[in-house]
Structure formats: C-alpha cells, structure tokens
Amino acid sequence: MQTEIFNLKQNDEITQKNAIKKSAEVILAGGLVVFPTETVYGLGGHALDPLSAKKIYQAKGRPSDNPLIIHIAFPRDAEKYASLPPMYHTLAESFMPGPLTVVLDAKDSVPNEVRAGLPTVAVRCPCHPLAHDFLLACGVGIAAPSANLSGSPSPTTGEHCIADMSGRVDVILDGGECSIGVESTIVRLHKDNSLTLLRPGAITLEDLKTVTPNITVADAVLGELKEGETALSPGMKHKHYAPRTKLVLLDGTEEERFAYIHNRHAKDTNNTSIGVLLYDEEKSYQQMPNVTPYSIGKKRDIEAQAHRLFSLLRETDKGAHTVLYAPLPLTEGLGMALYNRLIRAAAHTIVSCKKKNSEKKE
Ligand code: TXA
Ligand code: MG
C-alpha cells in the first residue's frame with residue numbers, strides 16, 4: 001500500500017487544510033490515517049465500520065481481543081456511543097478535551113470489532129488542534145489505538161510512525177513531537193458514578209481525586225496480574241512497550257545504582273555493552289567504559305521524563321546493548337504513569353539495590 005505522508009510541522013494553513021480534507025475522505029472510504037494527539041500518535045479508522053477496525057488490527061499486528069478507543073471531537077459526542085452517568089459530565093468539565101479516556105457501557109451502535117466483544121467502550125476527546133480538526137472533518141468518531149506496531153513503544157514523533165506504519169496505512173499526518181509522550185489516563189466509569197483507574201497518564205490520580213473521592217486503582221496498574229486473574233482492561237494482560245534489549249529497573253540512589261552496575265559488570269571480560277537511563281544530574285556512570293548513558297531528564301522533571309521515555313526506548317534498542325538499566329520512578333503524580341510503562345517494558349524485573357535491603361527480584 002502506498003502511504004501518503006503530510007509534513008505538518010511548519011503549521012502551514014493551506015497544507016494542513018489539504019491534509020485534513022484528504023484524511024477525512026480516506027476515513028469515510030474505509031481507509032486508515034495516522035494522526036498526532038497530545039499523548040501519542042493514533043492509528044485511526046471509521047468507528048462505526050467493522051471492516052476499518054479489522055484493518056487497524058491487521059496494520060498494527062494487534063490481537064483483536066484488545067479493544068480500540070473511540071476519539072471524538074467534542075465531549076458530548078460520547079452520547080452516540082455510550083450511556084453517560086452524571087460523573088461523565090463532571091469529568092468532561094474538568095479534563096476534556098485532554099488526555100483522559102473513559103470506559104462506559106456501550107450503545108449497540110458500536111461494532112463488536114471496535115470493542116472486542118466487550119459490553120463497554122472507551123471514549124476520548126483529544127486536545128491536539130490537528131486531532132480536533134481531523135475529527136471535525138470526519139464528522140464521525142475515530143477508532144484508534146496507538147500507531148505503533150504491536151509490542152513496540154508508542155510513537156511520539158512522525159518519524160516513529162513512518163518507521164512502523166509506512167506501507168500499512170493510507171495517510172500519515174506528521175505533526176511533530178507529541179507534547180505529553182505517554183498514553184492517556186484510562187478510567188472505568190461505573191453506573192454508580194464510581195471510578196476505577198485502569199491506566200495512569202497525565203491526568204493523575206491526584207487530579208481525579210479533586211473531582212471525586214470515589215476512585216480505586218486497579219491492581220494491575222502498579223503490580224503484576226496474578227495467575228487466573230482477569231484484566232479489567234484487556235491491554236493489561238498483553239506484554240507492552242517491550243524493547244528488544246532486556247530492561248532492568250533499579251531501585252536506589254544514584255550511588256547505589258552505580259555500585260550495583262559496577263559490581264555486576266566491572267569484571268566483565270566479554271565487553272558487554274550496557275545502556276543506562278539516568279537523570280541529567282547524574283555523572284558517575286561516565287567512569288565505566290562499556291556504559292552508554294542516556295539522559296532521561298532532570299530528576300524532578302517528571303514531565304520531561306514522560307515526554308522522552310518512548311523515544312529513548314526506541315533509541316536504546318538501536319544501541320544493541322546486552323542490558324539496559326533504568327531508575328525505578330516514584331509513583332506519585334505523573335510518576336505513576338512512568339512506573340506503569342517501565343514495569344511492563346521490563347517485564348517486572350526490578351532490583352532493589354538499596355544498601356540496607358538485600359532483597360533481589362531479578
Ligand atoms: O493516549 C491514548 O490513549 C492513545 C491515543 C492515540 O489516543 N491511544 C492508545 O490506545 O493508547 P491503545 O489502544 O494503544 O490503548 C488503549 C487501551 C488498551 O490497553 C485497551 O485494552 C484499553 O485501552 N481499552 C480500550 N477499550 C476498553 C474497554 N472497553 N474496557 C477496558 N479497556 C479498554
Ligand atoms: Mg498502545
């Protein structure tokens with residue numbers, strides 16, 4: 001398939017108009033369009049067309065038991081696809097348009113293929129101007145997962161999308177870097193107006209608690225799904241964001257993490273190539289010749305870290321390292337989203353290198 005790529009990074013109005021017009025035509029004809037959002041890029045198709053959903057699963061190489069999010073131009077458009085408890089309007093007022101996805105009881109209009117046979121459907125109203133214009137021009141909801149090949153990190157730049165999706169979709173709208181860099185927060189909104197946090201993102205647990213105390217965090221967000229447990233969100237059970245390099249998370253200070261890596265690899269005679277994600281302030285690793293450092297941002301700047309994470313995982317994969325180490329983030333605020341993505345990328349390999357604690361789980 002020939003993929004038409006529109007470079008929209010220059011904000012040129014005429015190019016943008018043409019690209020959006022073409023994209024809407026493609027969607028209404030049953031084709032696929034990759035589009036930028038404030039979180040990550042989406043791989044979109046007509047939300048009411050079962051065939052488009054099938055094409056999405058195929059282009060992504062995604063199992064069809066993992067449902068798609070319906071993207072809408074305005075919060076009120078959710079009504080076409082789901083029943084809306086009063087809390088939906090409270091959430092919409094506070095956080096929409098923006099990086100929040102709400103899982104609701106689906107209306108019959110939503111094809112089974114989009115919701116993977118579930119009685120629920122996920123809706124999200126993105127705040128990226130290009131995404132908004134695209135949704136408006138389509139005049140229908142757009143079913144879209146993240147625009148990466150299944151199993152690789154979500155795409156946060158046009159280049160990532162071109163690498164994964166060229167030849168698999170009709171159009172790629174390259175709008176430059178996504179401002180947030182991790183996928184939206186997902187909550188299940190129950191009939192009784194209570195919430196379950198299914199995936200943490202830029203709308204934090206603390207943010208959600210400002211509008212309702214009635215919220216719990218699904219076990220799989222910070223831990224591993226236990227044998228026999230059913231995932232509240234099908235995506236939780238799939239191995240996610242898996243870099244090809246083995247990723248190990250280290251829990252400890254800079255000094256403790258460095259000591260751990262040093263002890264483990266200093267006597268390495270095989271010239272093992274090691275990648276290390278570190279904070280901008282950290283310098284110790286430069287003392288080890290076989291270590292390639294990758295800066296993830298200032299220690300306290302979680303937003304910058306989230307913005308860089310997926311790009312870095314793609315970059316470190318190209319480094320052909322035997323192992324990649326990363327600091328274990330704290331779980332407060334946006335840190336919870338980083339933690340959630342990293343424990344999945346590391347397949348839950350966490351090593352405590354704290355001096356007083358010798359417990360190791362590697
Ligand atoms: O920021 C985002 O959410 C991006 C952009 C493109 O909007 N989209 C995204 O989609 O991350 P995706 O498909 O990669 O992740 C959506 C997650 C999946 O883990 C899926 O299992 C879950 O949402 N999901 C979708 N529908 C659901 C439902 N009805 N119930 C529970 N979880 C659902
Ligand atoms: Mg995804």
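The following dialogue examines how terms are applied to a predicted model.

User: Why is β15 called largely enclosed by the rest of the structure?

Analyst: A strand is a DSSP run of E with at least two residues, and a helix a run of H or I with at least four, both numbered from the N terminus. Buried means under 20% relative accessible area, exposed over 50%, and partly exposed in between, with a 1.4 Å probe and protein chains only. Five of the five residues of β15 are buried, so the strand is largely enclosed. Val323, Tyr325 and Pro327 point one way, whereas Leu324 and Ala326 point the other way. In a regular strand the side chains alternate between the two faces of the sheet.

User: What makes β12 and β15 a pair?

Analyst: Two strands pair if DSSP finds at least two bridges between them. Five bridges join β12 (residues 246-251) to β15 (residues 323-327), and the two run parallel; the pair therefore meets the definition. Leucine 250 has proline 327 of β15 as its bridge partner. On β13, valine 276 stands opposite tyrosine 325 in β15, and β13 and β15 are joined in the parallel sense by three bridges.

User: Why are β14 and β16 called edge strands?

Analyst: The open sheet has five strands in the order β14-β13-β15-β12-β16, with parallel pairing. Both β14 (291-295) and β16 (350-352) pair on one side only.

User: How do you know that the buried residues of α5 are on the same side?

Analyst: In α5 (residues 129-138), the buried residues are Leu130, Ala131, Phe134, Leu135 and Cys138. They cover an arc of only 130° around the axis, which puts them on the same side of α5; the arc is that of the directions from the helix axis to the C-beta atoms. Among the elements covering these residues are α1 (13-28) and β2 (33-35).

User: What makes a set of residues a nonpolar core?

Analyst: Its members are buried Ala, Val, Leu, Ile, Met, Phe, Trp, Tyr and Cys residues joined through side-chain atoms within 4.5 Å. The largest nonpolar core has 73 residues, of which Tyr88, Leu91 and Val102 touch the most other members. Apart from this core lies another, of 26 residues, including Tyr294 and Phe310.

Terms used:
Residues are numbered from 1 along each chain as its sequence is written. Chains are lettered from A and ligands numbered from 1 in the order in which they are written. This is a predicted model: local features need pLDDT of at least 70, side-chain atom pairs count only at pLDDT 80 or more; totals for chains, interfaces and linings use all residues. Side-chain values use heavy atoms; hydrogens and water are left out. Contact means heavy atoms within 4.5 Å.
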